[in-house]
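This report describes aromatic contacts and a surface patch. Please keep the sequence and the 3D view at hand while reading.

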Amino acid sequence: MLRKAGGAVANYIRNTDRLLLLLCAAASVYGCLLVYSDAQTSGGGRMAYLVQFLACGLGYVAAIVISKIDYEVICRFWPVLAVISLGLMALTFTPLGLNVAGTDDTAWLRLSLGPIKTTFQPAELLKIVFVITFALHLTKVHETINRPLTVLLLCLHGLFPVGLVFLQGDYGTALVFIFIFICMLFAGGLRPLYFLVGLIGVTATVPILWQVIGQDKRDRILSLIFVDDYLSTTGWQQYLGVVALGSGKLWGVGYMQGGDHQVYARNNDFVFTVAGEEFGFIGAIAVIAILLAIVLVIMRDAMKAKDRLGMLLCTGMMSLIGFQSLINIGMTLRVIPVIGITLPFFSSGGSSVATLYLGIGLVLSVYYSSRTRVRNTIFVKKV
C-alpha cells in the first residue's frame, strides 16, 4: 500500500508542472509576509493575514487536486459552475450584497468560516468560470469563428459578465474581463480586422463612457494629467504610494519597519508599496520577476497543450494574471488610475487568492494531462 502510494506521488511529481507550483508557492509566501507585516505595522488586522494564510493553503491544495482531474471532465460541468457563479453574483444585487469599507461598489457577500468572519467577492469566481465557458465556446466554433454571426455570439458571451460587474460598479474587474475576452479571441484565431473594428467602436464610445463613469472616476484619470491640481485630493493616495516606494531605496527600510506613510489599502490594492518600502528596489523587482515568470510558464504550458481547449484555458489564466499585475503595479506607480484591482497572489483577499488557485489547478491539469493522457491533438503530429 505504501509503495503504491509512494509510486503515485512520485509519478505526480515527475509529470506535474513543478516550476509553476514552485513559483506560485513563492508568490504566496512572499504575499503572506507582506500582508502580515502590514497587520503588525499599520494595524491591518489579525483577521486579514489569518484569512490570507488559510486561503493560500487551501487554494494550493485545491490546485493540486484539480490538476489530477482531466480538464475536459472539469469543463463538462460548466452548466453547474455557471449557475453557481451567476447565482452568487445575483445575490450582490439583493440586500445581501455588501459595500466593503473603502470601495464604491457593492460586490461582496458576507462569509462565515467558524470563528472567522470575512467577505467573498463572487466576481473572482466568475473570472475562472468565464475562462472555462469561453474556452469551450471558442473550441466549439473554431472552424467558423470569423463568421459575423459567430463573432456576435462570442461578443454577447464576453459582454455578459462585463455588464454584470459594471452594474455592480466594479469597473476595474470589468476591464479584467474585457482583457481576458480579447486575449482568448486572439488565441482562438479571430481575424485582426475584427479587433480593428472593435477598437474603432470603443473609441467612438469614449465620450459616452466619460459621462457614465461618474465624477469620482473622472477625477482619478485627470489626477494623472493635472498632478498638482489633484495632489491634495484624488491624487493623494497614489502620491503616498510613490513616496513609500521611493523611501525603500535599494534594500528597503527592513521587514515590518514600514508603514510610516499611511498608505491606504496597504495590504490590498497597494501591497506593492509594502514590498518596495520594506525590501526596497530589490524587493519590488522580486515581485515583478515572480509574476512575470508565472505568466511565461503558463504561456509555455499553453504552447505545449495537446488541444485547443487546453491552450485556451491556459491563455485565459495567463491574461488574467498578466493584466491584473500590470494594472495593479501601474496603479501603484501612478501611471494608471486607481481602479481597485488586486495584485495576484500578493494582495490580501481570501476570495481572490483561493479562486486564483482554482485557475492555476486548470493550468496544471492541462500540463499534467498533456504528459500522462493520450488524446487527439492539433498541435503535435501523431506518432
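How many aromatic pairs does the structure hold? The structure holds 15 aromatic pairs.

## Basis of the report

The model is predicted: local features need pLDDT of at least 70, side-chain atom pairs count only at pLDDT 80 or more, and totals for chains, interfaces and linings use all residues. Residues are numbered from 1 along each chain as its sequence is written, and side-chain values use heavy atoms, with hydrogens and water left out.

## Aromatic pairs

Rings of Phe, Tyr and Trp (its six-membered ring) pair if their centres lie within 6.5 Å; planes under 30 degrees apart count as stacked, over 60 as edge-to-face and the rest as tilted. The ring centres of Phe179 and Phe323 are 4.5 Å apart and their planes meet at 15°, so this pair is stacked. Because Phe179 lies in helix α8 (residues 171-188) and Phe323 in helix α15 (residues 308-332), the pair ties together parts 144 residues apart in sequence. Helices (H or I, at least four residues) are DSSP runs, numbered from the N terminus.

Phe323 is buried, at 11% relative accessible area, whereas Phe179 is partly exposed, at 31%. Buried means under 20% relative accessible area, exposed over 50%, and partly exposed in between (1.4 Å probe, protein chains only).

Ring pairs also link Tyr30, Tyr255, Phe279 and Phe346 into a cluster.

## A second pair

The rings of Phe345 and Tyr357 have centres 5.6 Å apart and planes at 75°, so they are edge-to-face. Phe345 lies in the loop between α15 and α16 (350-372), and Tyr357 in helix α16. Phe345 is buried, at 1% relative accessibility, and Tyr357 is buried at 1%.

Terms used:
Helix = DSSP H or I, 4+ residues; strand = E, 2+ residues; numbered from the N terminus.
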